[in-house]
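Trainee: Hi, could you walk me through this one? I'd like to start with the charged pairs and then look at some strands.

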Amino acid sequence: MEREMIYERYLFMKKLLMLSASVFEIPLIQAAQEQGYYVITTGNNAAAPGHKASDEYAPFDYSDYEGIVRLAEKLKIEAISQGCSDNCALVAAYMGERLGLGGHDTYENAQIIHRKDRFKNFAREAGIKSPAAHYYKSVEEALGQEIRDDLPLIVKPSDQAGGKGVSTVCDWEAYQKAILRAFKMSRDGRIVVEPYIEGTLHSMSTFIIDQQVVAYATLNDYSYANRYLTNTGISPADNWEKAVKSLIPETEKVARKLRLVDGLLHMQYIERQGEFWIIEMMRRMPGNNCTTAASRASGIDWRDWIIRAEAGEDCRGIPGPKVSDKIYGYHAIMSNCNGVYQGYDVAAEFKKNVIDIMEYDASGTVIDDYMYQKFGLVQFYFQNAEEKQRYITRIDELIRCNVNLEGAE
């Protein structure tokens, strides 16, 4: 009887394909289900936690573009979500073109937005305020570049996120090592080298309709053990009013020139001495469920509107942002060394600020890559700027990851 009910539900519900199923896709899966979609997750990692939240798991390697199109046709998919993955953003755009489904940019534009070398070239040609970058397709080409020893550079693979393969260098020896590391991490064999701008790191989520920004939320981004991986954020960002005034015109310029479809356009930016530099942009939801904090701060349910846009729906009803009387944030629980995860502790003085805690792994999980492994996410708030100042620099002490060092290799 239960199987018959599931089958009947499958027949009559709209079907959405979620291309990834990490823990960060779960809020999107839930939002789609709340909108009446039968959500099917895919990917070749059967252990991904998002599969348990979805209605069905259809195993498939989404890097097979033609194969995933055939799978979508077989499943009678009516909407696609790229989740939190740059690679899935390209897949979704390709599928949208092939299947005639709305809600996604052209495959060409998806590559411009989600591949760092393509975006940097576009930014230079369009006059977008972004650090002037060089991009290379071979080690030999990159090592043929002359660099000044007194000029810090940042070297990145063009197709990785989360700081993977990224290095900051100030001399020739370090530059050579960074080039080799970046190429080793790049799947497409392309890297970006650009001036390193010393400043504070931030994010801004915008929602565009008819290439105009109709909603936004800003965040401060913080890193701890891994300086290239954001694991904490608070919303709104410092100096957010000036940032919005400066960056919204840049955002709309990008949207117009590329004729972007309605939906999320997220960016990371650096503020230095009152100037704002766009580091990268993306059309997929950022990780760490940071949109939860952004939703509380802006009064906009970002996950809900992201799904609506990706399904090609009319999103003109999205509300404008409000100014919150509190500061909302998130913190990913991470270790500062390898070992064995032994849970976490929240300091007594900070418990009053905690909204929610989601633990990803149980005690006993081996930590073999502490620079990237995340064991949970804490959502919190500050009553005011004074509380923010008191707590934010100590967040790793206030939310402590416990590690058994005897388990380290």
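Mentor: Happy to! Let's begin with a term: a salt bridge is a side-chain nitrogen of Lys or Arg within 4 Å of a carboxyl oxygen of Asp or Glu. Keep in mind that this is a predicted model, where local features need pLDDT of at least 70, side-chain atom pairs count only at pLDDT 80 or more, and totals for chains, interfaces and linings use all residues. Residues are numbered from 1 along each chain as its sequence is written, and side-chain values use heavy atoms, with hydrogens and water left out.

Trainee: Okay, how many salt bridges does the count come to?

Mentor: By that rule, 26 salt bridges. One of them joins arginine 284 and aspartate 86, with the closest N and O atoms 3.2 Å apart. That pair links distant parts of the chain, 198 residues apart: arginine 284 sits in the loop between β13 and α11, and aspartate 86 in helix α5.

Trainee: What do those helix and strand labels stand for?

Mentor: They are DSSP runs numbered from the N terminus: helices are H or I with at least four residues, strands are E with at least two.

Trainee: And is arginine 284 buried or exposed?

Mentor: Buried means under 20% relative accessible area, exposed over 50%, and partly exposed in between (1.4 Å probe, protein chains only). Arginine 284 has 8%, so arginine 284 is buried. Aspartate 86 is buried too, at 14%.

Trainee: Which residue does arginine 118 meet in a salt bridge?

Mentor: Glutamate 108, at 2.3 Å from N to O. Arginine 118 lies in helix α7 and glutamate 108 in helix α6, so the pair ties together parts that are 10 residues apart in sequence. Arginine 118 is partly exposed at 26%, and glutamate 108 is partly exposed at 41%.

Trainee: What about lysine 352?

Mentor: Lysine 352 forms a salt bridge with glutamate 387, their closest N and O atoms being 4.0 Å apart. Here lysine 352 is in the loop between β15 and β16, while glutamate 387 is in helix α13, 35 residues away. Lysine 352 is partly exposed at 48%, whereas glutamate 387 is buried at 7%.

Trainee: Switching topic: which strands does β15 pair with?

Mentor: Two strands pair if DSSP finds at least two bridges between them. Strand β15 (residues 339–346) pairs in the antiparallel sense with β17 over 2 bridges, and also antiparallel with β19 over 5 bridges.
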